[in-house]
Amino acid sequence: MAEHSPDTDELLAGVHERLAALGLNGPLFDPAVVAADLAERLELDRSLDALIGPGDPGPPPLFDPALR
Amino acid sequence: MMRTVAELSTALRSGEITARAIAERFLAEEAANRDLLHPFVAVDPERVLAAADTADRELSEGIDRGHLHGIPVGVKDIIDVEGYATRGGSPLTAADAVGADATVVSRLRAAGAVIAGKTTTHELACGVVSAPASNPWDPTRVPGGSSGGSGVAVATALVPIALGSDTGGSIRIPAALCGTVGHKPTYGLVPVDGVMALSVSLDHLGPLGITVADCAVALDVLTGGATDTMSGLDGGIAQWRVGVLDSGPFAPLQDAVAAGLERSIAALTDLGASVEPIVIDELDHVLAVEFGIIVGEAAALHRDALRDRPDEIDPAIRGLLIGGSVLPDSATNRAHAARTVIARAIEAAMDRHHLDVLLAPTLPATAAPKDDFEQVIGAGLEHIGMSNVRTTAPFNVSGQPAVSVPCGFDADGLPVAVQLAARSGADAMALRAAYALERLVAHDHNTMGPAGYRRDRPIGET
């Protein structure tokens, strides 16, 4: 498995508990598969640092297509 | 006679044809093509004929509701139509007929349109295959999605217009692969109430049409009169400035698509426009933004179904919903923030270069065989779930209007297409540029259609 940031490692380690909390149990919700997918999604998320920097900007306002 | 709105509309008013004859021809052809192409999932002949008879009676009484009076229109099966169930391509949905129309359907009816039926959608409007629909140019290939049935219905001229939705390209993808025009309007311009959502921040409703004019007349009805794109449609684009997007997510392309883009650039130049390539580096991150938003919002919408009936969800969609369920909220927040950065970057580039519209390939490739998950593009293999979205998602993320126009064929006779995008709110400019381009590059699509489905075949006989 690729190296991740501590935050990412924590998220991946907590996949089993997260699935259980959502009631997503059973063979269709294999934590190992979900964790591998999540790792890819988090890597994609990290690529956005180039646009917005690190960190959580908080919930978005309603998108306005007339941004100018 | 062509089967466009303009020609049907003229023929209806001259008495050359009746709405009932159009409806009867539609019903006969839909039944004949159902097993092979499956553009519709539900058609109610009694309702279709009753609406057509009403349209004829009104015309005979001097009541004329406008261009769509008596014209059959397909409606994607995620949009509520009174008297039909909204199945969304999913067993999760109720089989009972809904009791009210979505606002867009109400507006179509008020404009005199005849609702022809519900068109095939990819499950939950979340994919680019739209089984069991098939591509009319080669039925072994996909029609695209998620509004695949609408693409097939228009490409075969069963109807001149069909409604689709576009969250990551789902109007423009089937339009490009089926050789029709498709218009994704400005975000928020067309109301989405009464429509099954996928990702509320990215969902758009709009028309697919045989021609750009078909889409324009439909848009003006769908917006409830908030737009008047028809009146300036033929104004031309002399002196306009066009920016070409051919890098970042718009590369690589299959050779035939690259040739179609070059043909379109030459045509726009011939029309008097100034055309220049532009680069917007922020678009390199468009898929991270698109999927960052979709997975979070789709997972929230389908949370109960994922927990209670997961085995009734397609595995690929289920994987996306699970991914969105365990992704932290911060990731969705970040995707939204990055969306604004991308939208502003496109605006800034258009300002910097004084651009009126943008030109880009609609898709990097032509329709894939049904069983293929990947396709060769340039020197590499790409998953079609990504290749079909990387060129369309930029305008979902930015919210800008974008019109896909056919512009040629590949060596296998499959359509290729380009898209023209304008600033948010300037749908009329995108349509006007598309209309001008269509004159020069889409003649064969507009008139001939796929083999066996000529768009000038007779209507008056059943």
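The largest cavity is lined by R3(B), L8(B), I22(B), R25(B), F26(B), E29(B), P72(B), A157(B), L158(B), V159(B), P160(B) and I459(B). It holds about 70 Å³ of space. Here a cavity is a set of points, on a 1 Å grid over the protein atoms alone, where a 1.4 Å probe fits but cannot get out, and lining residues have an atom within 4 Å of a point. Grid points are joined across faces, edges and corners, and the volume is the space filled by probe spheres set on them. Helix 2 (residues 19-37) of chain B gives the largest share of this lining, four residues. Sorted by class, the lining has nine nonpolar, no polar and three charged residues. Nonpolar covers Ala, Val, Leu, Ile, Met, Phe, Trp, Tyr, Cys and Pro, charged covers Asp, Glu, Lys and Arg, and the others, Gly among them, are polar. In total, the rule finds five cavities of 30 Å³ or more.

The model is predicted, so to speak a calculated picture: local features need pLDDT of at least 70, side-chain atom pairs count only at pLDDT 80 or more, and totals for chains, interfaces and linings use all residues. Residues are numbered from 1 along each chain as its sequence is written, chains are lettered from A and ligands numbered from 1 in the order in which they are written, and side-chain values use heavy atoms, with hydrogens and water left out.

Now for the place where the two chains meet. Contact (heavy atoms within 4.5 Å) links 43 residues of chain B with 35 residues of chain A. Together the chains bury about 3100 Å², 70% of it on carbon and sulfur atoms; this is the accessible area (1.4 Å probe) lost on putting the two parts together, summed over both. Two salt bridges cross the interface of chain B and chain A, a salt bridge being a side-chain nitrogen of Lys or Arg within 4 Å of a carboxyl oxygen of Asp or Glu. R334(B) pairs up in a salt bridge with D45(A), with the closest N and O atoms 2.8 Å apart. On the side of chain B that touches chain A, helix 12 of chain B supplies the largest share, 16 residues. That side of chain B splits into 20 nonpolar, twelve polar and eleven charged residues. Helices such as these are DSSP runs (H or I, at least four residues), as are strands (E, at least two), numbered from the N terminus.

R334(B) and D45(A) turn up again at the second largest pocket, where they are among the residues closest to its centre, along with D7(A), T8(A) and R46(A). A pocket is an open set of grid points with protein on both sides within 12 Å along at least five of seven lines. This one has about 290 Å³ of space, and its lining counts four nonpolar, four polar and six charged residues.

Over all chains, the structure holds 28 salt bridges. One of them joins E82(B) and R47(B), whose closest N and O atoms are 3.5 Å apart. E82(B) sits in the loop between strand 2 (72-76) and helix 4 (103-110) of chain B and R47(B) in helix 3 (residues 45-60) of chain B, so the pair ties together parts 35 residues apart in sequence.

Most peptide bonds are trans, and most residues other than glycine have a negative phi. A131(B) and P132(B), however, are joined by a cis peptide bond with omega about 5°.
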